[in-house]
Amino acid sequence: QQQPQMTAALRKKMPATVHVLFTVDENGRVENPIVQSSSDPAFEAPALAAIKQWRFEPGRRSGKPVRFRMRQPFAFQ
C-alpha cells in the first residue's frame with residue numbers, strides 16, 4: 001500500500017493522526033475517501049492521496065463481490 005508523501009515541513013509537525021472513511025467497490029478500489037478526524041489538518045491531504053491509490057480484496061456476500069465501508073487510521077510518527 002502506498003504510504004503518504006511527507007515533506008520536511010510535515011515531518012517537523014509530527015506526530016499526528018488522521019482517520020479516513022471510504023468505500024471499497026466490487027473491484028477493490030477506494031471510492032469517496034473523506035477525513036473523519038485529524039489531529040492536524042496539514043496531514044489530511046497526504047493521507048487522502050495515499051488511500052486513493054490503495055487496493056483491497058473486495059468484500060463478498062453469497063460468493064459475490066460487494067461494496068463495503070472502511071475506516072483507516074494513519075499515524076504519522
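## What covers helix 2

In this predicted model, the buried residues of helix 2 are covered by several elements, including helix 1 (8–13), strand 1, strand 2 (30–38) and strand 5. Which residues of helix 2 are buried? They are Pro 46, Ala 47, Ala 50 and Ile 51. These four sit on the same side of helix 2, because they cover an arc of only 125° around the axis.

## The largest nonpolar core

Let's move on to the core. The largest nonpolar core has 15 residues. Those that touch the most other members are Val 18, Val 20, Phe 22, Ile 51, Trp 54, Phe 74 and Phe 76. At least two core residues come from each of strand 1 (16–24), helix 2 (44–51) and strand 5 (68–76). Which strand gives the most to this core? Strand 1 does, with 5 residues.

Now take a look at Val 18. Setting aside residues up to four places away in sequence, Val 18 touches a list of residues that includes Val 35, Phe 43, Ala 47, Phe 74 and Phe 76. Ser 37 is also among the residues that Val 18 touches.

## A closer look at Ser 37

Ser 37 belongs to strand 2. Is Ser 37 buried, partly exposed or exposed? Its relative accessible area is 32%, so Ser 37 counts as partly exposed, between the cut-offs of 20% for buried and 50% for exposed.

Beyond its neighbours within four places in sequence, Ser 37 is in contact with Thr 17, Val 18 and His 19.

Conventions. Residues are numbered from 1 along each chain as its sequence is written. This is a predicted model: local features need pLDDT of at least 70, side-chain atom pairs count only at pLDDT 80 or more; totals for chains, interfaces and linings use all residues. Side-chain values use heavy atoms; hydrogens and water are left out. A nonpolar core is a set of buried Ala, Val, Leu, Ile, Met, Phe, Trp, Tyr and Cys residues joined through side-chain atoms within 4.5 Å. Buried means under 20% relative accessible area, exposed over 50%, partly exposed in between (1.4 Å probe, protein chains only). Contact means heavy atoms within 4.5 Å. The arc is that of the directions from the helix axis to the C-beta atoms.
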